[in-house]
Amino acid sequence: MPGEIITVQHLNCRYNSVEVLSDISFAVQSGDYVGFVGPNGSGKTTLVKAILRLIRQESGTVSLFGKGLGQFTEWFRIGYLPQKLSFLNPNFPATVKEVISLGLFAKKKFPKRLEKSDRILIDEAMNLMDITDIRDALIGELSGGQQQRVLVARAIVNGPELLILDEPTTAFDPEAREQFYHTLQNLNRNRQVTIILVTHDSATIGKYASKLLYLDKKVIFFGSFDAFCTSEHMTSYFGEFAQHLICHRHD
Amino acid sequence: MDMLGALQYEFIRRAIIAGSFIALVCSLLGVLLVLRRYSLIGDGLAHVTFGSVALGLFLKQHPLSVAIPVVMVSSLGILKLTQKAKIYGDAAIGIVSSLGIALGVLIASLSGGFNIDLFSFLFGNILSITDIEVYTSIGLSVAVLFMIIFFYNEHLSATFDEEFARVSGIDTERINTLLVLLTGITVVLTMKVVGIMLTSSLLILPAVTALQFAQGFKGTMVISSCVAVVSVITGISLSLLLNIPTGATIVLMNFIFFACAFLYRHISQKGLH
């Protein structure tokens, strides 16, 4: 379907013999801002990895921009922020500028070389994430929040049409988190970037996202936040009090 | 013997030229291997080199012509054991390495015991490098160098964050394969400079020395290269002046540079605090 950025149909994933995702189906439209929420171990990160072909799926299909994962080659259309900063070697000798430049190579043909115009894109990404003053610092010397900003800048530097962020605000203080959500909202509204944001914080994401996908190994809910708050199915799933708490914070 | 005077001897010039090329390649690959926590692959492949040199001598072939393909296949074996059989990298290196040594000992035994040639490969003898070995070393070093330069950004991306590199459309499996194959070739070349027993020093020491200076990735590569080349040149010079083993002196020079860099880092950090 035109305008469909991600189409997932009857997706099943297992880690060894443990079923992690069961019969997942949903579609993300161009311009959507979707929050993937759910408890720990609900399969949010697994779903993201299956969409990005980072893990093998047991069955089902995933399409990106209308193409099956096997045929999809336009990775430059996607910006990605992995879940954990723990992969980051504190002694890795890369400057902030070098790390952000890694986001530009998806678009480049062999041999992948940076051009002068790329510096402007790197500067723009640094401006957007407010990290211009640390451009020459080594990534390992930064605080968790700064490192997170650098990695978000790496994800957006290419001007992606689809941005997938897996728990991007874990190292942010509340003020920085709020500011970050605003930045994403601007990207979504002004640049029509389709956003998928994985988070535990279903209440905060409800303020910004146009849709919510509540996952607990299977899709429990997929729709708008308002529909989530008025859904009787969700009331019976969460209990009235918990649902009220989430939706009250939204107000 | 003064160094300028020594340069009139062709065998010394050959040693410096071939040694510098090999050191340069080692130092660049070393940065990638150290950052991927794959430092000991050099040691493991060097042990395989021992087995393949023994095989070459047994088959009465030039050891390089047997060692290069055998070590390249072994390097792929380590990678596949890690990726497909889900065996930890250090364990995979241990498996391939011990197999290499065991086969080397068996073949040497079949050939009537160790001979002097095998020992020269164990401890290296850059001063005895032949013309053909110099040309092979330069040719292969230049080829490895080009592969590192052409795929520089892919290596940087895959080394920093392999998952992100894959989502960037970088074929990380191909990059990893390339890295271990280049390491295999380099390890075989290195045995002539410092010997099988000391191979990993040329891969590891320049890289960890450069990492003490906390530069960016490119800066680290440049510092590592300089340290490696200077270590080879000063190592050869000192060994001639003091009449001591060349391979071991090169390794010691590398260690001295590392110790200085380590002290510099700690003193400058204390100064900052």
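Predicted model: local features only at pLDDT ≥ 70, side-chain atom pairs only at ≥ 80, totals over all residues.
A:Leu212 has A:Gly223 standing opposite it in strand 10 of chain A.

**The hairpin of strands 9 and 10, chain A**

- Strand 9 of chain A and strand 10 of chain A make up a hairpin that has 3 residues between the strands, and within that turn A:Lys217 adopts a positive phi of about 70 degrees.
- A:Tyr214 belongs to strand 9 of chain A, and A:Tyr214 counts as buried because its relative accessible area is 9%, where the cut-off for a buried residue is under 20%.
- When residues up to four places away in sequence are not counted, the contacts of A:Tyr214 include A:Val219, A:Ile220 and A:Phe221, as well as A:Val37, A:Gly38 and A:Pro39; A:Phe228, A:Tyr237 and A:Phe238 are also among the residues that A:Tyr214 touches.
- Between A:Tyr214 and A:Arg149, which are 65 residues apart in sequence, the C-alpha to C-alpha distance is 26 Å.

**The four-stranded sheet of chain A**

- Chain A holds an open sheet of 4 strands in the order 2-1-4-5, and the pairing in this sheet is antiparallel; its edge strands are strand 2 and strand 5 (67-68) of chain A, each of which pairs on one side only.
- Helix 1 (residues 44-51) of chain A packs on this sheet, where it touches strand 1, strand 2 and strand 4 of chain A, and the direction of the helix makes about 120 degrees with that of strand 1 of chain A.
- Strand 1 (residues 4-15) of chain A runs antiparallel to strand 2 (residues 18-29) of chain A, and 8 bridges join the two; in this pairing A:Leu11 has A:Ile24, in strand 2 of chain A, as its bridge partner.
- The hairpin of strand 1 of chain A and strand 2 of chain A has 2 residues between the strands, and here A:Asn16 takes a positive phi near 55 degrees.
- Strand 1 of chain A is also joined by 5 bridges to strand 4 (residues 59-64) of chain A, again in the antiparallel sense; A:Thr7 stands opposite A:Ser63 in strand 4 of chain A, while A:Asn12 stands opposite A:Ser59 in strand 4 of chain A.
- As background for reading such a sheet, the side chains of a regular strand alternate between the two faces.

**Helix 3 against helix 4, chain B**

- Helix 3 (residues 41-58) of chain B and helix 4 (residues 63-83) of chain B have axes that come within 8 Å and cross at roughly 140 degrees, and the two helices are therefore oblique to each other.
- The crossing of helix 3 of chain B and helix 4 of chain B is right-handed.
- From helix 3 of chain B, the residues in this contact include B:Ile41, B:Leu45, B:Val48 and B:Leu57, and those they meet in helix 4 of chain B include B:Pro63, B:Val66, B:Val70 and B:Ile78; by class, the residues of the contact of helix 3 of chain B with helix 4 of chain B are 12 nonpolar, 5 polar and no charged.

**Helix 2 against helix 11, chain B**

- Helix 2 (residues 10-35) of chain B packs against helix 11 (residues 199-211) of chain B at an angle of about 75 degrees, their axes being 7 Å apart, and the two helices are therefore roughly perpendicular to each other.
- Helix 2 of chain B contributes residues including B:Cys26, B:Leu29, B:Gly30 and B:Val34, and helix 11 of chain B contributes residues including B:Leu203, B:Pro206, B:Ala207 and B:Leu211; the contact of helix 2 of chain B with helix 11 of chain B divides into 13 nonpolar, 2 polar and no charged residues.

**Two buried residues of chain B**

- B:Ala18 lies in helix 2 of chain B and counts as buried, since its relative accessibility is 0%.
- Apart from its neighbours within four places in sequence, B:Ala18 is in contact with B:Ile129, B:Val134 and B:Ser137, and the C-alpha atoms of B:Ala18 and B:Leu189 are separated by 9.4 Å although the two residues are 171 residues apart along the chain.
- B:Ser97 is part of helix 5 (residues 89-110) of chain B, and B:Ser97 is buried at a relative accessible area of 10%.

Terms used:
Residues numbered from 1 in each chain as written. Chains lettered and ligands numbered in written order. Heavy atoms only, no water. Axes fitted to C-alpha atoms, helices over the stretch in contact; angles between N-to-C directions. Parallel < 35°, antiparallel > 145°, perpendicular 65-115°, else oblique. Left-handed = near helix turned anticlockwise from the far one by under 90°. Contact = heavy atoms within 4.5 Å. Nonpolar A, V, L, I, M, F, W, Y, C, P; charged D, E, K, R; others polar. Pairing = 2+ DSSP bridges. Buried < 20%, exposed > 50% of the residue type's maximum accessible area, 1.4 Å probe, protein only.
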